[in-house]
Amino acid sequence: MEYARLGASGLTVSRLCLGMMGFGDPSHKAWQLGEEAAEPIVRRAVEAGVTFFDTADMYSGGAGEEVAGRLLSRLFARRDDYVLATKVYYPTGDGPNDRGLSRKHVMAAIDGSLRRLGTDHVDLYQIHRWDAGTPIEETMAALHDVVRAGKARYIGASSMYAWQFAKAQYTARAAGWTPLVSMQSHYNLVYREEEREMIPLCLDQGVGVVPWSPLARGLLAGTWERGGERRTVRSGEDTYGETLYDEGDFDVVDVVREVAAARGVPPARVALAWLLGKPAVTAPAFGATRPGHLEDALAALDLTLTDDEVVRLEAPYRPHPVRGHS
């Protein structure tokens, strides 16, 4: 396993982050794994040196955090041996204040997450999306208070426009509050719009990038085919993925498969190796609901693409509308 600092912060994380959205309550979504089924995958990740784990309060209706908390506390000897990240923004109840980034919800949400995770702190607390209905000053002040209370060590954010992220950072720094150290962006070989503004901003400001959907929700791993065929339970149910990607993206997928075939490796390894080679990327947040998913991610660390291969992989890209901010 390789390790790196998360941006310019002092926090060291593994260069792979195990995204735990696929764990929780199978009755919530058929492709999610319960605790017993998830344990071998998380155990193998721990044995391989993965120390960075990402979840969210809304995954599997809260069951995702419960499973993550129990597994990690059982598989690590000490709480300080791993980096635990979770997120706040999406609805966690039916009430009008059970969502968003108001002070009321942030304070309630962190306590709920800690209770489900079975810990007294998270290492990275992330705002899951931008909340246009709450002043950013209110949100950043609340996050600062979460850190001062010892309930989070660092704070980060997920998909938003670069101007929004810059506004949040300026607001925090101008007030002497805790700044954001990471950005979890929608970034992969078929969606590279983040390279226009967000990635340069993060490089300039020393912010670590933790891409979500590094395999384009399975598209780059071969779970989707031209014409609409879906090869897995998750891809068959993934209506959100259909809003992110379309038939034109298979031009990139075809090249990924060609490069992978020439290398004698699965396409997922090539797609992850490309992402790991980007200078702003600290650790892709990859999901694994089968042992092979994890093995491909681990093997990608040892796969160095040539300059010619990178040029081939990037050549078919076409501009996209901004996707993944909602």
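Which helix sits with strand 6 and strand 7 in a right-handed β-α-β unit? That would be helix 4 (residues 136–148), the helical part of the unit. Helices (H or I, at least four residues) and strands (E, at least two) are DSSP runs here, numbered from the N terminus. A crossover counts as right-handed if, with the strands pointing away from the viewer, the path from the first strand over the helix to the second runs clockwise.

A word on the model before going further. It is a predicted one, with local features needing pLDDT of at least 70 and side-chain atom pairs counting only at pLDDT 80 or more, while totals for chains, interfaces and linings use all residues. Residues are numbered from 1 along each chain as its sequence is written, and side-chain values use heavy atoms, with hydrogens and water left out.

Back to strand 6, which spans residues 122–127 and is mostly covered: six of its six residues are buried. Buried means under 20% relative accessible area, exposed means over 50%, and partly exposed is whatever falls in between (1.4 Å probe, protein chains only). Strand 6 runs parallel to strand 5 (residues 83–88), and four bridges join the two; strands pair if DSSP finds at least two bridges between them. Across this pairing, lysine 87 stands opposite glutamine 126. To get from strand 5 to strand 6 the chain goes through helix 3 (residues 103–117), in another β-α-β crossover that is right-handed. Strand 7 (residues 152–158) also runs parallel to strand 6, with five bridges between them, and here tyrosine 125 has isoleucine 155 as its bridge partner.

Then there are the charged pairs. With a salt bridge taken as a side-chain nitrogen of Lys or Arg within 4 Å of a carboxyl oxygen of Asp or Glu, the count comes to 22. One of them joins arginine 70 to glutamate 35, with the closest N and O atoms 2.6 Å apart. Arginine 70 belongs to helix 2 (residues 63–75) and glutamate 35 to helix 1 (residues 35–47), 35 residues apart. Glutamate 39 and arginine 74 form another, at 3.1 Å between the closest N and O atoms. Glutamate 39 lies in helix 1 and arginine 74 in helix 2, so this pair also ties together parts that are 35 residues apart in sequence. Glutamate 39 is buried at 18% relative accessible area, whereas arginine 74 is partly exposed at 42%.
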